Amino acid sequence: LATSSLLVICIWSAHLKLPLLILTAYIPPMNSTAKTQKLWENFAAQVDQALSKYPNAWVILTGDFNARIGSSDEVVLPLVLGASDLVLPPPWFYRSSKDFKVNPAGKHLVTLAIDQGLLFLNGLVNFKYSGCFTCITPNGPSTVDYLLVSPDLYALCTNMQVGEYLGGDHLPLWFELTPAGLGTPFVRSAIPQEVTISRKPIKWS
């Protein structure tokens, strides 16, 4: 599957006997709320189509989304779910980012993550280095590039970082997986919303 916004690569692992879906995305910035809404509706449908085709796949969704999701889940989730007392299970609410802004695209991206049961690695794994800005422009720094994974891959992730500047406006993202637990089947479902969690805010020094 390839569209103007999304490229989907499916790799079959004979060892795991499971497919790995790598989805790379680019969502251009939009000044119109209506255009943003339509663009993200189409993008969400494309992601859903790809993930529905391989319901047992392990998933990596990454790219430049031009989406800003705030410094923590406590900031962005009330804007998405419309509730002050949120009950998403861990690791939600453990994310910590240097980017404090939330934009409309960010709310759409968080909605997609919840709907598809994906987790942000930015600011969650090794938050001191993964919660850094990913885009540096004359208008200032921002975090608009993300790594999202299915919970099975999150459980294997031991490191994630925003890499060193290599040129251009964006910084590279990379992450590491441990082989422990490989081969465990996973069936995707939206992250349940009935589990009450404790919140652990993190302050940047």
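Contact is taken here to mean heavy atoms within 4.5 Å. The structure is a predicted model, in which local features need pLDDT of at least 70 and side-chain atom pairs count only at pLDDT 80 or more, while totals for chains, interfaces and linings use all residues. Residues are numbered from 1 along each chain as its sequence is written, and side-chain values use heavy atoms, with hydrogens and water left out.

With neighbours within four places in sequence set aside, Asn 103 is in contact with Asn 66, Ala 67 and Arg 68. Asn 103 is buried, at a relative accessible area of 15%, where buried means under 20% relative accessible area, exposed over 50% and partly exposed in between (1.4 Å probe, protein chains only). The side chain of Asn 103 also reaches the backbone nitrogen of Gly 106 at 2.7 Å.

Gly 106 leads on to Phe 65: the two residues are 41 apart in sequence, yet their C-alpha atoms are 8.2 Å apart in space. Phe 65 sits in the loop between S3 and H2 and is buried, with a relative accessible area of 0%. Not counting residues up to four places away in sequence, the residues that Phe 65 touches include Trp 40, Phe 43, Ala 105 and Leu 109.

Trp 40 and Phe 43 in turn belong to the buried residues of H1, together with Thr 36, Leu 39, Gln 46, Val 47, Ala 50 and Leu 51. An α-helix has 3.6 residues a turn, so residues three or four places apart point the same way. Among the elements covering the buried residues of H1 are strand S1 (6-13), strand S2 (18-26), strand S3 (58-64) and helix H3 (104-116). On the face turned away from the buried side, H1 carries the exposed residues Ala 34, Gln 49 and Lys 53.

H1 itself (residues 33-53) has 21 residues and reaches 30 Å from its first C-alpha to its last, close to the 30 Å expected at 1.5 Å a residue; this expected span is 1.5 Å times one less than the number of residues.

Key
Helices (H or I, at least four residues) and strands (E, at least two) are DSSP runs, numbered from the N terminus. A polar contact is a pair of N or O atoms within 3.5 Å; within protein, one must be able to donate a hydrogen and the other to accept it, and residues adjacent in sequence count only if both atoms are side-chain atoms.
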